[in-house]
Amino acid sequence: MRAPDWSFAADLLFPPRCPFCGQVIRHGEQTCPTCAQLKPSAIRRELPQPGGEGLLCFAAYPYTGKARKAVLRMKFEGEAPIAGFLGRQLAQSLQAELSQSFLPDVVTVVPMTKLHRLRRGYNQSERIARAAAKALGLPYQSLLCKRKHNRVQHKLSEKERFQNVQGVFAALPQAGGLRILLVDDIVTTGATLAACQTALFSAGAAEVLCAAAAMTLPSNEAGKNKH
C-alpha cells in the first residue's frame with residue numbers, strides 16, 4: 001500500500017503561494033505561470049569597503065520589484081517557506097561560479113542573536129543557506145555566533161552600518177582550514193558579510209565566498225534588472 005501524500009494534504013489546508021506575487025499555486029509548483037519568467041540573475045559585484053579591498057559577493061536577484069517583495073514577506077510577514085525557494089534559486093545562480101573557481105567545503109550563515117531569533121521564530125538567512133547547501137550537495141554548518149546585539153542595519157547610514165558590526169561576530173574554531181560559502185538574505189553595503197568574513201578568516205578559514213538571495217544595485221543597474 002502506498003503511503004499517504006501528507007504534503008498534498010497540507011497543501012489543501014494551507015495552499016502554497018507564489019513567492020513573488022502571493023497567488024495560490026498548484027501542488028508541486030514553485031511559482032505562478034506569470035512569475036516563472038523571473039529567473040535567478042547570477043549577479044556578481046565587488047562592494048567597496050572602508051580602508052580595504054572590495055568585498056566580492058554573489059546574489060540570485062536584484063533587491064527590487066517582485067524579488068524585493070518576496071524577501072520582505074519572508075523576513076517580516078512570517079512567510080518562512082519563501083526562504084527555501086530563494087535558497088534553491090541562489091544555488092542555481094552559483095552553479096557555474098562554484099564549478100569554475102571556488103569549491104566550498106561547507107555552507108554557513110550570518111547568525112542572529114538568540115533573542116532576535118526567538119522574536120521572529122526563525123532565522124530566514126539560515127533557511128536560505130540550508131536550502132542552498134542541500135541543492136548544491138554541500139554540508140551546512142553553523143560556524144559563526146553573534147556575540148552582542150546591535151542596531152538594525154537597514155535604519156543606518158552606510159558609514160554607520162560598518163561601525164555597527166564591529167566586533168559583533170565571532171567564528172568557531174571548526175572554521176579553520178575550510179573553504180566556506182557564507183550566506184545572508186540581503187546584501188546592501190556588504191558591511192555585515194565583511195564582518196563575518198573577517199571573523200572566519202581570524203579563525204583560520206582558507207577561503208570565504210559571500211552570497212545572498214538578493215542584492216541592492218546602483219540605480220542605473222537596478223533599472224535594467226527590475227523584476
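**Exercise 1. Which residue with a positive phi follows α7?**

Start at the helix and step past its end. The residue to look at is Gly204, with a phi near 100°. Keep in mind throughout that this is a predicted model.

**Exercise 2. Check whether the length of α7 fits its number of residues.**

Step one: helix α7 covers residues 191-202, which makes 12 residues. Step two: the expected span takes 1.5 Å times one less than the number of residues, so α7 should come to 16 Å. Step three: compare that with the model, where the end C-alpha atoms sit 17 Å apart, and the two agree.

**Exercise 3. Work out how enclosed α7 is.**

Take under 20% relative accessible area as the cut-off for buried. Going along the helix, you'll pick up Ala191, Thr192, Leu193, Ala194, Ala195, Cys196 and Gln197, then Ala199 and Leu200. That's nine of the 12 residues, so the rest of the structure largely encloses α7.

**Exercise 4. Sketch the whole protein in a few numbers.**

Begin with the secondary structure: eight helices and seven strands. Then burial: 49% of the 227 residues count as buried.

Definitions and conventions
Residues numbered from 1 in each chain as written. Predicted model: local features only at pLDDT ≥ 70, side-chain atom pairs only at ≥ 80, totals over all residues. Heavy atoms only, no water. Helix = DSSP H or I, 4+ residues; strand = E, 2+ residues; numbered from the N terminus. Buried < 20%, exposed > 50% of the residue type's maximum accessible area, 1.4 Å probe, protein only.
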